[in-house]
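Hi,

Here is the structure I promised to pass on.

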Amino acid sequence: MHNPKAVPTQGIFGQNVSAAMSSTIKMSPTDLDKLMQALDIDVIALTEILVPHGYRVEMGMIDAPGIHYNLSGEGRMSINGGSEMPLSPHLLIIVPPNTPFTIEVDGGSGSPKLISRDCWTRQDGILRVAMPNEKPEIVQICGFFNATFGQSVRLFGELREPVIEQFEPADKIDLKLRETMDELLQQEVGVGAMTASLLKQIVVSLVRRSLRSSQRWTERFSILSDRQVTRAFAEMVARPGAAHSVRSLAHSAGLSRSAFMARFSDIFGQSPMVVLRDLRMRQAAITLTTTTMSIDAIAQDAGYESRSSFVRAFRKAFNRDPSDYRRIAKEAKDQKQT
């Protein structure tokens, strides 16, 4: 997120919505569905953690949230030096960005021994933390990723406490994670798209679970906590090329122009038009690399009346012209296929 500060309730909901009401406002499933469809997932790394009895693992800070899924075994986990939580099979935890954590399993006498970095191995983007010749009790897969709308709006960027959900074998979260690992190991064409798709399925499963839960963790995020602003943002995400204006978006949110501007800027740290431009550039970049549409048609599809204004905006976002962006992307794709 552009604005790393926690946003006060008054800043999110404005002067005409009370703090008491803020806890009861729920996001529309329709708006959430629009956001999930447009969510981009970028898989940064996968880690397999295997902890035998009598050992512990200490992981440092990574500038990305992590999905931790406990495939089997029982132990405990401490996040950022906080209180320990029990680990059990099919427990899923999202650890906030830049947050260290420890996993340990009791056994033998004394405190659990640290699995040193000498025992960490890496293969094709997958880090494996394990003790050689020791049978693991805890088997956990961790996926570190970024979830964004456009280039600057990060879904988990302001997460300050872990998200914890208990799944069941029938949910098949473990199968999706294992398939993601297999994709990275095989390194076939389209590996990036496949791993991103698989991890996105897990995020969507979490969102579905949240909608059925009495404690909806989706509303911990500032960009999802204000239903009225989220409604307008969902429209921007679903149709970035539409003729949006501050006035039309405020109307969609059911707010005055000034109240919408203030609440949107408090949440996103940027004005609605800046965020909209970012979303339009994301759409244009995807269209450039996945279709043969002309630059003029792409400009119009992204909501620009002239090619020149589109090219200026694109150059500012990507430091190159749209035609160069398309050419470089095609050359990189051709090189991977040879």
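Glu168 sits in the loop that runs between strand E13 (163-166) and H4; helices (H or I, at least four residues) and strands (E, at least two) are DSSP runs, numbered from the N terminus. Before going on, note that this is a predicted model, where local features need pLDDT of at least 70 and side-chain atom pairs count only at pLDDT 80 or more, while totals for chains, interfaces and linings use all residues. Residues are numbered from 1 along each chain as its sequence is written, and side-chain values use heavy atoms, with hydrogens and water left out.

Glu168 has a relative accessible area of 46%, so it counts as partly exposed (buried is under 20%, exposed over 50%, partly exposed in between, with a 1.4 Å probe and protein chains only). Which residues does Glu168 touch, leaving aside those up to four places away in sequence? They are Tyr69 and His90, where contact means heavy atoms within 4.5 Å. His90 is 78 residues from Glu168 in sequence, yet their C-alphas are 6.0 Å apart in space.

Lys172 is in the loop between E13 and H4 too. It isn't a glycine, but its phi is positive, at about 60°. Lys172 is also partly exposed, with a relative accessible area of 46%.

H4 covers residues 173-186, which makes 14 residues, and spans 20 Å from its first C-alpha to its last. That is close to the 20 Å expected at 1.5 Å a residue, the expected span being 1.5 Å times one less than the number of residues. Quite a few H4 residues are buried, among them Ile173, Leu177, Thr180 and Leu184. An α-helix has 3.6 residues a turn, so residues three or four places apart point the same way. What covers the buried residues of H4? The cover includes strands E1 (40-52), E3 (66-72), E6 (91-95), E10 (126-129) and E11 (136-149), plus helix H5 (191-212).

Another spot to look at is Asn319, in the loop between helix H12 (307-318) and helix H13 (322-337). Asn319 is not a glycine either, and its phi is positive at about 60°. At 69% relative accessible area, Asn319 is exposed.

Cheers
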